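Dear colleague,

Please find below the structure that I am handing over to you. My findings follow it.

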Amino acid sequence: MSQRQVLQVFEQYQKARTQFVQMVAELATRPQNIETLQNADIIAVIQTAITYGLYIFMHSLTKDQSPWIPNGQTGVMALLRPLLLDVVPTIQQTAALALGRLANYNDDLAEAVVKGDILPQLVYSLAEQNRFYKKAAAFVLRAVGKHSPQLAQAIVDCGALDTLVICLEDFDPGVKEAAAWALGYIARHNAELSQAVVDAGAVPLLVLCIQEPEIALKRIAVSALSDIAKHSPELAQTVVDAGVIAHLAQMILNPDAKLKRQVLSALSQIAKHSVDLAEMVVEAEIFPVVLTCLKDKDEYVKKNASTLIREIAKHTPELSQLIVNAGGVAAVIDCIGSCKGNIRLPGIMLLGYVAAHSENLAMAVIISKGVPQLSLCLSEEPEDHIKAAAAWALGHIGRHTPEHARAVAVTNTLPVLLSLYMSTESSEDLQVKSKKAIKNILQKCTYLPALEPFLYDAPPNILKHVVGQFSKVLPHDSKARRLFVTSGGLKKVQEIKAEPGSLLQEYINSINNCYPEEIVRYYSPGYSETLLQRVDSYQPLTN
């Protein structure tokens with residue numbers, strides 16, 4: 001072969017390799033191609049190689065048709081692996097990009113990357129290569145690590161964390177972003193993996209990253225810190241000790257909606273663990289600034305802002321009172337009214353947490369018109385878990401005093417709760433929370449017009465609480481006693497079959513003692529028959 005012919009073979013090989021990795025990377029962007037790429041066998045590999053000229057080069061040099069297939073490996077992974085060590089940087093980068101896209105689709109492909117001993121190559125090259133390769137390699141690590149704790153642990157075991165942390169100090173923002181993304185995906189699985197990320201020294205560098213001017217880098221770094229902080233108070237404290245809260249508080253009003261989502265989420269993950277951490281978040285003067293996020297155009301900014309306020313309010317009455325004083329409860333109620341579905345859920349739960357703390361805080365929810373809004377959620381939301389949250393919140397509002405219970409009862413919420421409890425289509429959780437809410441409200445409710453329908457519709461385990469409330473109110477209210485007779489309530493009570501000596505029977509006796517004996521007999525079942533018998537046996541007086 002002449003020198004020109006030899007050089008031409010090398011040119012063909014380089015061109016073919018470039019075309020191949022670019023085409024695989026392109027094919028991997030389309031979901032419909034993934035199964036074919038995943039299941040490609042030796043023949044498909046050889047056919048693909050022939051298509052792009054790889055076979056031409058190898059055949060020219062060795063006369064062997066498949067020396068480049070690693071022992072025991074098949075499919076597109078086997079073909080991409082040696083190209084990670086190619087002499088041409090572009091081919092290396094594109095091969096890594098193709099691997100990342102494949103691994104991103106499912107855990108089988110991600111596991112193939114691990115079993116193919118590709119991770120050590122990536123980690124080695126991550127420290128040595130240029131910024132383009134670093135971004136591609138970090139993408140592969142992220143794509144593998146996102147699927148499961150086991151795959152994330154495989155990344156830790158191959159020594160990737162130290163190299164990724166070094167990348168957080170890279171001059172190029174894109175490299176920092178790719179490394180932060182990979183670290184966040186590893187940390188999100190569990191506390192052990194999060195601790196490994198912390199031990200590698202990632203937290204201080206991630207805090208520096210959120211101070212960089214690039215919005216994309218800020219987003220990913222904040223997200224990674226959030227993933228670290230969410231697992232335990234100790235991990236959250238590690239993040240706080242790095243000085244992150246002050247920086248996050250300053251970014252609450254950033255115009256970028258995606259960054260605001262991450263900032264609010266990170267503050268929530270810190271505040272949820274303990275009173276001390278929640279107080280540290282509050283002390284960063286996030287109120288009333290965070291309330292403006294409840295009116296944001298982005299639905300998830302609204303949701304995350306409600307979640308943050310909820311995670312603070314749940315700890316103590318004092319923190320809930322602070323939120324009430326800042327106008328937080330009224331703002332959240334307005335937010336609930338302006339959105340639908342799961343976006344409402346944190347706000348609904350917030351109202352329940354606030355109301356549960358004390359009578360005064362529950363009254364603050366009532367005064368802010370929280371009960372009608374919760375009743376609306378109970379009636380119009382299609383998802384059972386949202387209805388269950390609304391039922392739970394209403395139960396906490398109504399359980400304190402007769403005044404609280406009346407505020408719930410007048411919205412006609414009790415019949416809705418009863419129907420949800422009785423419905424066979426309701427989830428078990430919704431039935432349990434509806435029953436608990438009914439019980440909590442009934443035990444304090446003295447508003448008899450709301451109670452009377454329950455005499456006709458309630459099952460025995462609910463009915464005893466209803467009758468119990470009548471037995472408490474009627475002895476002290478003459479107007480209510482009269483109305484109870486004319487509305488048919490007394491007659492209905494006489495029809496209730498109660499076990500002798502039971503609590504229900506005691507309640508019925510207490511009610512009956514509020515009326516003359518002849519009135520009770522008149523409304524008792526069978527009394528008309530008794531009267532007719534007396535008519536039959538009565539002998540008229542004759543002159």
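Helices here are DSSP runs of H or I with at least four residues, numbered from the N terminus. The model is predicted: local features need pLDDT of at least 70 and side-chain atom pairs count only at pLDDT 80 or more, while totals for chains, interfaces and linings use all residues. Residues are numbered from 1 along each chain as its sequence is written, and side-chain values use heavy atoms, with hydrogens and water left out.

I begin with Asn304, which lies in helix H20 (residues 299-313). Asn304 counts as buried because its relative accessibility is 17%, and buried means under 20% relative accessible area (1.4 Å probe, protein chains only). Leaving aside neighbours within four places in sequence, Asn304 is in contact (heavy atoms within 4.5 Å) with Arg261, Leu264, Ser265 and Ser268. The side chain of Asn304 reaches the backbone oxygen of Arg261 at 2.9 Å.

Next comes helix H26 (residues 384-398). Its end C-alpha atoms are 21 Å apart, which agrees with the 21 Å that its 15 residues should span at 1.5 Å a residue; the expected span is 1.5 Å times one less than the number of residues. Twelve of the 15 residues of H26 are buried, including Ile386, Leu394 and His396. Helices H23 (345-357) and H29 (428-442) are among those that the buried residues of H26 pack against.

Finally, in the contact of helices H15 and H16, Leu225, Ile228 and Ala229 of H15 meet Leu235, Ala236 and Val239 of H16.

Yours sincerely

Conventions: Helices (H or I, at least four residues) and strands (E, at least two) are DSSP runs, numbered from the N terminus. Buried means under 20% relative accessible area, exposed over 50%, partly exposed in between (1.4 Å probe, protein chains only). A polar contact is a pair of N or O atoms within 3.5 Å; within protein, one must be able to donate a hydrogen and the other to accept it, and residues adjacent in sequence count only if both atoms are side-chain atoms.
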